[in-house]
Amino acid sequence: MATFRDVRDLLAVACFEDIIDEEEFLLLWDLNTSKNLDFPYEDYGRFDLDEMDDSECLADFRVKKRDLPDLTAALRIPNEFVCHQRSVADGMEGLCMLLRRLSYPCRYSDMIARFGRPVPVMSMVTNTVLDYIYTTHSHRILQWNQTILQPAQLQLYADAVSLKGAALNNCFGFIDGTVRPICRPGEHQRVVYNGHKRVHALKFQSIALPNGLIANMFGPVEGRRHDSGILADSQLLPLLNRHAFLPGGQLMCIYGDPAYPLRAHLIQPFRDRVLTPQMQGFNTSMSKVREAVEWLFNDVATSWKFIDFKKNLKIGLSSVGKMYLVCSVLRNALTCLYGNMTSEYFDLDLPDLQGYFT
């Protein structure tokens, strides 16, 4: 496949040999000139992980240097990624390129010094790796994950929540809707406008576990949708009806805010105008543990700050919803490696990285 540079060289030769006149040359030159800035990259060396120290890796990729091979193996990253226009990137290079892109709201031109690649190639490699991780691992949060939601583990989660003073002794997780602001779209703005937050946004429904992992996620959906409507679309309640039981038949539940309906597997706080002391005590005890678990909802955006920069999140131009789901999977990977505040608060062990991705 000819590059813009090759085509421009051929046009210059054709004009010099009078095959085309100057007017045709100028027209064809404009059509075959990229509108992107042509950043020089030849002076920079190609990506070499061995030349980076541990602090650089942690700052650029959110992963320590010694843990990158383990993360690559757990994600089953192939030896190389081949883009649709046949650009090739080493597997580790492609993963690091994506991690660098997501770790902070940077431009591809800012990454040239690290990877020594032209901007279009880095864009295509990053999107290829993003698609690969989504295709290979998104089921771990989009479906019921037996690896971390087996009945014996549900009991451990419920016991940890109860030990922190919760009134419920069978609550294994917490559900909430996450609003992710995006750039105002050119069309259908009212569809994605969230009146409560007063931003254009996509919404996701998440279930958080007391060990600090995101157990389940549904989305993206339009920012204007109500949490109860998203719950119905997610078909989460039928999943709970099939799986949220202990071997002895005891029913397990999740806890949510008053926006959700009251069901056998989904408990909400008391909402009466006049609450008895017992009702108020129940709400207070559950609010305390729910707040601790909600810390991890912020962990995704804290670790991968690119998804918190709404001016760069333009639906129709980039895979905004897919990007957030991949960031959630990667956040779970970081939690398995390093833990988080939620797992420390409830004092629960985490699966190892390979165990989570089996």
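Predicted model: local features only at pLDDT ≥ 70, side-chain atom pairs only at ≥ 80, totals over all residues.

Author: One definition is needed before the strands are discussed: two strands pair if DSSP finds at least two bridges between them.

Reader: In which sense, parallel or antiparallel, does S3 pair with S7, and which residue in S7 stands opposite Cys 171?

Author: Strand S7 comprises residues 253-255, and 3 bridges are found between S3 and S7. Their pairing is in the parallel sense, and the residue of S7 that stands opposite Cys 171 is Cys 253.

Reader: How many bridges join S3 to S5, and which residue stands opposite Gly 177?

Author: Strand S5, residues 199-208, runs antiparallel to S3, whereas S7 pairs with S3 in the parallel sense. The bridges joining S3 to S5 number 8, and the residue in S5 that stands opposite Gly 177 is Gln 205.

Reader: What do S5 and S6 form, and which residue in the turn has a positive phi?

Author: Strand S6 spans residues 214-222, and 6 bridges join S5 to S6 in an antiparallel arrangement, with Ser 206 standing opposite Met 217 in S6. The two strands form a hairpin with 5 residues between them. The turn residue with a positive phi, about 95°, is Gly 212.

Reader: Which residues does a cis peptide bond join, and where is Pro 220 found?

Author: The bond in question has an omega of about 5°, and it joins Gly 219 and Pro 220. As for its position, Pro 220 is found in strand S6.

Reader: What is the phi of His 188, and does that residue count as buried or exposed?

Author: His 188 is located in the loop between S3 and strand S4 (193-194). Although this residue is not a glycine, its phi is positive, at about 55°. Because its relative accessibility is 62%, and the cut-off for the class is over 50%, His 188 counts as exposed.

Reader: What is the phi of Gln 235, and what is its relative accessibility?

Author: Gln 235 has its place in the loop between helix H10 (227-234) and helix H11 (236-243). Its phi is near 60°, a positive value in a residue other than glycine. Gln 235 counts as partly exposed, with a relative accessibility of 47%.

Reader: At what angle do helices H7 and H14 pack, and is their crossing left-handed or right-handed?

Author: Two packed helices are described by the angle between their axes and the distance between the axes. Helix H7 (residues 119-137) and helix H14 (residues 320-338) have axes 10 Å apart and pack at an angle of about 65°, which means that H7 is roughly perpendicular to H14. Leu 130, Asp 131, Ile 133, Tyr 134 and His 137 of H7 meet H14 residues that include Val 326 and Val 329, the contact residues dividing into 8 nonpolar, 1 polar and 2 charged. The crossing is left-handed.

Reader: Is His 137 buried or exposed, and with which residues is it in contact?

Author: His 137, found in helix H7, counts as buried because its relative accessibility is 0%. Leaving aside neighbours within four places in sequence, the residues that His 137 is in contact with are Ala 74, Leu 75, Arg 76, Val 329 and Phe 357.

Reader: At roughly what angle do the axes of H5 and H7 cross, and how do the residues of that contact divide?

Author: The axes of helix H5 (residues 91-103) and H7 come within 9 Å and cross at roughly 95°, so H5 is roughly perpendicular to H7. The contact is made by Gly 94, Leu 95, Met 97, Leu 98 and Arg 101 of H5, together with H7 residues including Val 129 and Leu 130. The contact residues divide into 8 nonpolar, 2 polar and 1 charged.

Definitions and conventions. Residues numbered from 1 in each chain as written. Heavy atoms only, no water. Axes fitted to C-alpha atoms, helices over the stretch in contact; angles between N-to-C directions. Helix = DSSP H or I, 4+ residues; strand = E, 2+ residues; numbered from the N terminus. Parallel < 35°, antiparallel > 145°, perpendicular 65-115°, else oblique. Left-handed = near helix turned anticlockwise from the far one by under 90°. Contact = heavy atoms within 4.5 Å. Nonpolar A, V, L, I, M, F, W, Y, C, P; charged D, E, K, R; others polar. Buried < 20%, exposed > 50% of the residue type's maximum accessible area, 1.4 Å probe, protein only.
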